[in-house]
Amino acid sequence: MTQSQQVIEELYDCYTKTAANIISYYGGNERKEILKELRDIVQNNCFQDDKLKSVENTKNRLLNLYEDEGAETDIDSIIQEYKDAISEINTDVSKDNKLLEFDKHVEALLDKEGNEEDDTDTEIQLTGGYINVIDPISKKRIVDPVKNNLCGHTYDNESITQLLKINKKTRCPVVGCKSTEFVKLDHLRADIVTKAYLEKNPV
């Protein structure tokens, strides 16, 4: 994970922690409004991230195109084509993984809080989903869930820590995981959604 990727992950962690504080200290419509404002910030951040990625991809595509042709490059033409391509970028972040994860965190935190208010009118679109509570390493119920930033899979903190002590060249132990990078401790962060679910649904 690059330093910039680490910074981005820490930023989204801050968003989740901020949501937790909002839920703890506010209630009713005021809570909904503040959470909506925070979600708008997260959504805009996702949009900017995706836009930057699209810009970078467009730049690389154009550079490779001119390099492959092996002809003399017209700088003005490249710049104009680049501007045209950028202006046509249309980024839809409604299914952005970061935004969906934030929504799941908010839903879990509200659920944990025991919020019984009718949220049918709220503009915050909360997304449910399947939560696996079985650790892929020990095959036992997770106690202290941590999520792998690289692939999104969750493990028990003690299990993955012990596994990495035995073998530092360990890839994600979840069967079928597409990540090929070795797991490192700095890739792991607390999984708030799974933690809240475990606390609400004890054995």
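**Entry 1: overall layout**

I started with the secondary structure and found six helices and three strands. Here helices (H or I, at least four residues) and strands (E, at least two) are DSSP runs, numbered from the N terminus. This is a predicted model: local features need pLDDT of at least 70, side-chain atom pairs count only at pLDDT 80 or more, and totals for chains, interfaces and linings use all residues. Residues are numbered from 1 along each chain as its sequence is written, and side-chain values use heavy atoms, with hydrogens and water left out.

Reading along the sequence, I noted the pattern α-α-α-α-β-β-α-β-α. Of the 203 residues in the protein, 33% are buried; buried means under 20% relative accessible area, exposed over 50%, partly exposed in between (1.4 Å probe, protein chains only).

I then looked up contacts, meaning heavy atoms within 4.5 Å. Among those between residues at least 6 apart in sequence, 62% join residues at least 24 apart. The protein exposes about 13,200 Å², and carbon and sulfur atoms supply 49% of that.

**Entry 2: the sheet**

Next I traced the sheet, which is open, with three strands in the order β2-β1-β3 and antiparallel pairing. Because β2 (154-156) and β3 (188-190) stand at the edges with a single partner strand each, one side of each has no neighbour in the sheet. The twist averages 40 degrees from one strand to the next, with axes being lines fitted to C-alpha atoms and angles running from 0 to 180 degrees between N-to-C directions.

Two strands pair if DSSP finds at least two bridges between them. Strand β1 (residues 145-148) and β3 are joined by three bridges, in the antiparallel sense. I picked out N148, and its bridge partner in β3 is L188.

**Entry 3: T154**

T154 sits in strand β2. Is T154 buried or exposed? T154 counts as buried, because its relative accessibility is 14%.

Its side chain makes a polar contact with the side chain of D191, at 2.5 Å. A polar contact is a pair of N or O atoms within 3.5 Å; within protein, one must be able to donate a hydrogen and the other to accept it, and residues adjacent in sequence count only if both atoms are side-chain atoms. Leaving aside neighbours within four places in sequence, I found T154 in contact with residues including P136, I142, V146 and T194.

T194 turned up again in helix α6 (residues 192-200), whose buried residues are V193, T194, A196 and L198. Their cover includes α4, β1 and β2.

I went to helix α4 (residues 97-113) for D103. D103 counts as buried because its relative accessibility is 2%. Its side chain and that of R39 are joined by a polar contact of 2.9 Å.

K83, in helix α3 (residues 75-87), has a relative accessible area of 52%, so I put it down as exposed. K83 and K59 are 24 residues apart in sequence, and their C-alpha atoms are 9.9 Å apart in space.

**Entry 4: the aromatic pair**

How many aromatic pairs does the structure hold? I found one. The rings of Y12 and Y15 have centres 5.6 Å apart and planes at 75 degrees, so the pair is edge-to-face. For the cut-offs, rings of Phe, Tyr and Trp (its six-membered ring) pair if their centres lie within 6.5 Å; planes under 30 degrees apart count as stacked, over 60 as edge-to-face and the rest as tilted.

Both Y12 and Y15 lie in helix α1 (residues 3-25), three residues apart, about one turn of the helix. Y12 and Y15 are both buried.

Notes
Accessible areas come from the Shrake-Rupley method with a 1.4 Å probe; for residues, only the protein chains shown count as cover.
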